[in-house]
Amino acid sequence: MSRKIELLAPGGDVEAIKAAIVAGANAVYCGLDMFNARNRASNLSFDELNGVLRLAHEHRCEVFLTLNVVILEHEVVSLVRLLNKLVNSGIDGIIVQDLGVFNIVKKHFPSLHIHASTQLTTHNEGQILFLQKIGATRVNLSRELNLGEIKQLTTVAHDHDVLTEVFVHGALCIAFSGQCYSSSVSVGNSGNRGRCSQACRDEYEVTAEGHRFPLNLKDNSAYYDLPQLVDAGVDSLKVEGRIKGAHYVYTVVDTWRKQINNFVESGKLLADDGNLHKVFNRSFTNSFLQGDLNKKMFTDNPRDNSVNYAVEKSDAISVVQIHDVKQELYTDKNALGAELAEKIKDLSIDKIALTLAFSAKLGAPLTINVTTGNTAFEVQSSSVLAAADEISITPETVEKRFRSFNNATFDLAPMDFSHFDAKLTVPFKELGDLKNQVAFILNGSRDVVKNVEVPALPKHPKVEDKPKLSLMIANAKDLHLADVTDADIYFKLPESLKKNCPKHIKLLQENPRLIPWFPAVLIGKDYLESVKILEEVKPKRIVTNNTGIAYKAFEMGIEWVAGPFLNTTNSHALLTLQEELNCAGAFISNEINRIQIRNISRPKNFKMFYSIYHPILMMTSRQCFFQQTVGCKKPAIEDGCMLKCEKATTITNVKGISFAVDKQKGGYPSIYNDEQFLNFDVINDFSDLFDEFFIDLTNIGAGSKEEQNKVELIKHFEALLAGDDDAKVALSHLVPVATNAQYKQGL
């Protein structure tokens, strides 16, 4: 086979990046101490990044920088300042979650390659087209996909000049990445800002099935799935682990490198994955890739399993045997560590020494001799030096112009003026030309991109004079609510739809007032059935939390609004949606607070929405939360589980806090906070900003399925928007367990 298979390694710090390079990684991904989704990693300074780029490129290894968090409005200036530096750094790509970054990069930094982060939850073909439209050159596919789904999406991606990458080793989140708010809700640390506290690894009160860690998955290992991944056409095999150390990175990447090389050369796989078990792991599973979502994917041990594995493999029973096995494991680990230390001992990311020697002689060009590392070159002015009548070029003048070369990449020695005669001159413009020539050559003979400024976006007026109320239902039993209100009524479609079933098409056709609301996750047939709803119903307007459906609506000319789970947190994200895909409006993320909302600028003729009452989603999973909690007789999730199952339960962590485990019929299992989101403050704060305030009247997330008086809720919410303060008291009685903590704490 001739196609390149990229092995993409994590680099949480400089030593881990060195380890990845010597282990044979084709590329590494790393983050700075800002704008990246692994705040717990050591991360790099910008000076270190420049050194890493130089070192990696010397070893034919690419470097991708993670900018994979949502961006707040006040951070745009800092982001642009960073992009101005990155565009001249030689970085091979940036990994992005925020939709606003796509807009800024596409307009102002088009030479930067954008990779769509796993945080964008990419799992259907429409999303590939959406991301390609806004500027992505590569997409990291969702970890929950199986090999058939990966192959189908990769085919679509390649047809549109987009590359795909798949995680093949490391930690698995039980939640869909980018759709997990558990850390944000429980302790105020958002996964969308790189501060995930891993609530899914927490200990809970023992469940009915006897588990203390009911959300804890084993680690991912596709070590023996390499042939199928190659057959699927995947371009990059990605190892997770930016919070892991150099020893871990070296061991995993070296093991994978040998497997890939052996397969390329012989078409066969190596049988031994023993070294993967000698570094941190929670045991391994490949069940997502195989499409076999079973109970064996879980483990009641969130800690390192390497010792347990060694003991079990050796059939050690006695204390002496176990001791000997442990000692052998530690010896092997130390040997790998020593091997790594020897290989990286001469690798350096130190700045490159740079010397500039200037020569100024009457009748000759002004000459600069540049020496850096093993490279030397000379540049000359186009004019010759002449005697100066008044103003001459002095060493001080030259030094002022050229001292900026003492930067993140170069360590500039004192400039040499030993051959610089006095009282001479050339046109001062040529000093600038000389500096540009030197910069061009030092930049790998690429033009240095000048700094750009991204102007503040204008604030356009609201579309609606006064904010309107809208509501959502998910059951035909609630259609009578249309008789008690003039509010817009959204109908929440499930994540799973029975193939060729006309139920929802018929419901929407018979009730044209209902506005279809599409969920965040739509995989395989469920995406295709959702597209069929658009094609058959041809609604005037939809709300979608799925970018694949957004793209299809754009293609069909259907007015669409971006739902709250698209995580819009800044003006440029809104602009991306409007300019690229003709979006009519968007919900602003419920994770941000009043200060973070305040300066968001709406595009022209663009509506802004905010949810003031809803169940607080913590996570959604393709796995089954009920297997480890209340139990299920089925050994694995079947096709009919989503359509038929209506189980609900609660789990309680060791701190005594309970969460509702629930699912819509036809939906993925989800976990909700015990409190409802109820926000009176935003109405007082931003009635002049939002066109519509939204309330969720579905029963999903209630755990007990206890229904509230929805007619009363509508009446009081309408009164609240009309300025009736008594409505707050009534609503507080109707919704006694509520919070707006996210609105107060923000991101």
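Three helices, H15 (503–510), H16 (525–537) and H20 (639–644), each give at least two residues to the lining of the second largest pocket. H15 supplies the largest share of that lining, with four residues. Do keep in mind that this is a predicted model.

**The second largest pocket**
- This pocket has a volume of about 840 Å³.
- Its lining is made up of 32 residues, and Ala 474, Asn 475, Lys 503, Gln 664 and Lys 665 are the closest to the centre.
- Sorted by class, the lining of the second largest pocket holds 14 charged, eleven nonpolar and seven polar residues.

**Cavities**
- Three cavities of 30 Å³ or more are found in the structure.
- The largest cavity has a volume of about 520 Å³, and of the 34 residues that line it, Pro 564, Phe 565, Pro 615, Leu 617 and Tyr 672 are the closest to its centre.
- Strands S20 (514–518), S24 (607–620), S27 (670–678) and S28 (692–696) are the elements giving two or more residues to the lining of the largest cavity, and S24 has the largest share, six residues.
- By class, that lining divides into 17 nonpolar, twelve polar and five charged residues.
- The second largest cavity holds about 210 Å³ of space.
- The lining of the second largest cavity has eleven polar, nine nonpolar and one charged residues.

**The chain as a whole**
- The chain contains 24 helices and 29 strands.
- Its radius of gyration is 29 Å, close to the 27 Å that the globule rule gives for 747 residues, so the chain is as compact as a globular protein of that length.
- The C-alpha trace spans about 95 × 75 × 45 Å along its principal axes.
- Of the 747 residues, 58% count as buried.
- Among contacts with a separation of 6 or more, 71% join residues 24 or more positions apart.
- The accessible surface of the chain is about 30,900 Å², with 49% of it belonging to carbon and sulfur atoms.

Conventions:
Residues numbered from 1 in each chain as written. Predicted model: local features only at pLDDT ≥ 70, side-chain atom pairs only at ≥ 80, totals over all residues. Heavy atoms only, no water. 1 Å grid on protein atoms, 1.4 Å probe; cavity = no way out; pocket = protein on both sides within 12 Å on 5 of 7 lines; lining within 4 Å. Points joined across faces, edges and corners; volume = space filled by probe spheres on them. Nonpolar A, V, L, I, M, F, W, Y, C, P; charged D, E, K, R; others polar. Rg over C-alpha atoms; globule rule 2.2 N^0.38 Å. Buried < 20%, exposed > 50% of the residue type's maximum accessible area, 1.4 Å probe, protein only. Contact = heavy atoms within 4.5 Å. Areas by Shrake-Rupley, 256 points an atom, 1.4 Å probe, with all protein chains shown as cover.
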